[in-house]
Amino acid sequence: MVKQWWHRPLVIVANLPLIILALRWNWLNGVRLAGMVPAKFTFDSEMMWLLFGAACFALNVWNLLVGFHQDEEIVNRAHYRTALYCFAGVLVVGLVVCWTKPDQLIVPQKLTWLPFIAACLLTGQALAGNYLLTATTDGDDHPKLTWPTLTWLAAALLTCASNTAKTFDAVAVLIVVILLAGNAVNLKILLTGNGTVRHPAYQLATGASLAAWLGLATILLSWCWCLLTGRWAGLLYFVMVVDLMIIAAASQLATVIDLREVHGVRAEHGHRLLLSGAILAVLIELITAGVLTVLAVK
């Protein structure tokens, strides 16, 4: 088991910068939605985020080295080498772009070209890292990591663009519908499993993904109606993005467990764990909506 984890690239490392970006922008949007003003970008905060960035960069360099030290049969594949070079190139370019004007990325006022380009570069890095992991696994019946990564990207961009012109609403609806369809394919694989995965964390993550998917579909319909009335549209939009991040995190966790065949302790009560994961996702939705409502009223 230790050898299995040691000799495969860590997918969370490749996706970590994109995940941090989505969580940061979503938090800023929640602060603004509650009527509060985000803290100004200072030298101390710049140094803190610089340390985060340096840690992510170092971990991804390690990931790259692990990728080059795979078995010769894997490294010699044409697509694998291309993915390695793309991963290295995007890693360097992304580092330069992200620290050209860090204040526009850490405390963005709206979606501009720099945040958009940075988010796309971090997504390219994550997708290349996903391929490096899946290339070291056997079989094609695993859930696809592409959809969780694209969902993180959408969560970041939809949050950052939430205060733009109303013409963005139609684009947001289309993006969410596409993500629902893509994650539905993944969700089917997660629910059926591959016949061997019965890890408790896998079951919890699958239940959370299912509840968030159903919640997102319902909230999308409610949000479209609220756009016409003008009431609660901002709150539902925020909860919708939170659902996207729950889907991405839960699907990614379940997929990584599946890919790495981390069986460990078998879940004896799979249905209960599925239900627990679903309840956890619903609680996150309710707590998010409740906190924002209370803060907005104050």
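1. Ground rules. Residues are numbered from 1 along each chain as its sequence is written, and side-chain values use heavy atoms, with hydrogens and water left out. The model is predicted: local features need pLDDT of at least 70, side-chain atom pairs count only at pLDDT 80 or more, and totals for chains, interfaces and linings use all residues.

2. Overall fold. The protein chain has twelve helices and zero strands. Helices (H or I, at least four residues) and strands (E, at least two) are DSSP runs, numbered from the N terminus. The pattern along the sequence is α-α-α-α-α-α-α-α-α-α-α-α. Of the 298 residues in the chain, 48% are buried. Buried means under 20% relative accessible area, exposed means over 50%, and partly exposed lies in between (1.4 Å probe, protein chains only).

3. Helix α3. This helix covers residues 43-68, with 26 residues. From its first C-alpha to its last it reaches 37 Å, close to the 38 Å expected at 1.5 Å a residue. The expected span is 1.5 Å times one less than the number of residues. Its buried residues are Ser45, Trp49, Cys56, Asn60, Asn63, Leu64, Val66 and Gly67. Leu59 also lies in α3. Leu59 counts as partly exposed because its relative accessible area is 40%. Val13 is 46 residues from Leu59 in sequence, yet the two are 6.4 Å apart in space, C-alpha to C-alpha.

4. Helix α9. Residues 168-192 make up this helix of 25 residues. Its reach, first C-alpha to last, is 36 Å, close to the expected 36 Å. The buried residues include Phe168, Asp169, Asn183 and Asn186. Ala172, Val176, Leu179 and Leu180 are also among them.

5. Helix α5. Tyr80 sits in this helix, residues 78-98. Tyr80 is buried because its relative accessible area is 0%. Phe68 is twelve residues away in sequence and 9.6 Å away in space, C-alpha to C-alpha.

6. The whole structure holds four aromatic pairs. One of them is Trp113 with Phe116, edge-to-face, at 5.9 Å centre to centre and 85° between the planes. Rings of Phe, Tyr and Trp (its six-membered ring) pair if their centres lie within 6.5 Å; planes under 30 degrees apart count as stacked, over 60 as edge-to-face and the rest as tilted. Both residues lie in α7 (residues 113-134), three residues apart, about one turn of the helix. Trp113 counts as exposed because its relative accessibility is 66%. Phe116 is at 31%, so it counts as partly exposed.

7. Asn130 has 4% relative accessibility, so it counts as buried. Its side chain joins that of Thr149 through a polar contact of 2.8 Å. Such a contact is a pair of N or O atoms within 3.5 Å; within protein, one must be able to donate a hydrogen and the other to accept it, and residues adjacent in sequence count only if both atoms are side-chain atoms.

8. Helix α10. Thr206 lies here, in residues 200-229. Thr206 counts as buried because its relative accessibility is 1%. A polar atom of the Thr206 side chain lies 2.7 Å from the backbone oxygen of Tyr202.

9. Nonpolar surface patch. Met36, Leu275, Ile279, Val282, Leu283, Leu286, Ile287, Val291 and Leu295 form this patch, with about 790 Å² of accessible area together. Like charges are joined within 9 Å, nonpolar side chains (Val, Leu, Ile, Met, Phe, Trp, Tyr) within 5 Å. Accessible areas come from the Shrake-Rupley method with a 1.4 Å probe; for residues, only the protein chains shown count as cover. Leu295 belongs to helix α12, residues 270-297. Leu295 is at 32% relative accessibility, so it counts as partly exposed.

Technical notes: Patches are made of residues with over 30% relative accessible area and no salt bridge: like charges are joined within 9 Å, nonpolar side chains (Val, Leu, Ile, Met, Phe, Trp, Tyr) within 5 Å. A salt bridge is a side-chain nitrogen of Lys or Arg within 4 Å of a carboxyl oxygen of Asp or Glu.
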